[in-house]
Amino acid sequence: MKLENKVALVTGGSRGIGRAIALAYAREGADLVVNYNHNRAAAEKTAEEIRALGRRCAVIQADVSEEIPARNLVEQAIAIFGKIDILVNNAGIDEQFLIWEMPVERFDNMIKMNLRSQFLVTRFAVPYMMKQNSGRIICISSQCAQKGDKELSHYCAAKGGVISFMKCIARELAPHNILVNCVNPGPVATEMLAGLSDEWVKTKSESLPIGRVGLAEEIAPTCVMLAAEPDGNLYCGQVLGPNCGDVI
């Protein structure tokens, strides 16, 4: 197993892409910390599946866009497992607004949930990784950060910030044997995508070279590869795009 004896913290790990990543890590031998914000039932269901695979799993509630909950999440994970080998910054939201209709508070909230959250959890996890002189950090961004899309300017701005943030900290942390990379999924059939209009989803699907949106289970293998040794050893500051051909 590629991740045996590793501990992974996955934010937003109760559903969608986060859940798929957590389960894929468990299948490869990792123990998990599954973070959620609102839906404890979904998080517990994910944890049950992880434990059924013979792995340990802690379920921890935290709004990772806020400083104290983010710090507490990391500290609880360390208290339970003693280390964090892999951090997947996955928590986020999505919604649609034309720029001239977008309430200022919705822009601010998007930046907070999709970008600030990644900074906060990384900020508090890194000192522990530095002490052990090892770690893998995977920041989930989006293909929209690379190409833009109408009605998603706030989302694209936040996800674009994730890429720039990742590239900076990749340079800072590589000397400490901590490798940081970004995964930019294309449109994926999750609850987040279901929150967008049917017209948007139909148009997007028809525009993709492979003719369909992806599945969460098709994103997870990229995250396994980046977390594993030696598979991910040479990836540092990179943007990997399982995006259905949306960015070519």
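The largest nonpolar core of this predicted model has 36 residues, where a nonpolar core is a set of buried Ala, Val, Leu, Ile, Met, Phe, Trp, Tyr and Cys residues joined through side-chain atoms within 4.5 Å, and buried means under 20% relative accessible area with a 1.4 Å probe, protein chains only. The residues with the most contacts inside this core are Ile 21, Tyr 25, Leu 32, Ile 50, Val 88 and Ile 138. Among the elements that give two or more residues to the core are helix 1 (16–27), helix 2 (40–52), strand 4 (86–89) and strand 5 (135–140); helices (H or I, at least four residues) and strands (E, at least two) are DSSP runs, numbered from the N terminus.

Consider Val 88. Leaving aside residues up to four places away in sequence, Val 88 touches Leu 9, Val 10, Thr 11, Ile 21, Tyr 25, Ile 138 and Ile 140, a contact being heavy atoms within 4.5 Å. A second, separate core has 34 residues, including Leu 9, Val 162, Phe 165 and Val 180.

I turn to the chain as a whole. The chain contains 9 helices and 7 strands. Its radius of gyration, taken over C-alpha atoms, is 17 Å, close to the 18 Å that the globule rule gives for 248 residues, so the chain is as compact as a globular protein of that length; the rule is 2.2 Å times the number of residues to the power 0.38. Buried residues account for 50% of the 248.

A note on method: residues are numbered from 1 along each chain as its sequence is written, and side-chain values use heavy atoms, without hydrogens and water. As the model is predicted, local features need pLDDT of at least 70 and side-chain atom pairs count only at pLDDT 80 or more, whereas totals for chains, interfaces and linings use all residues.
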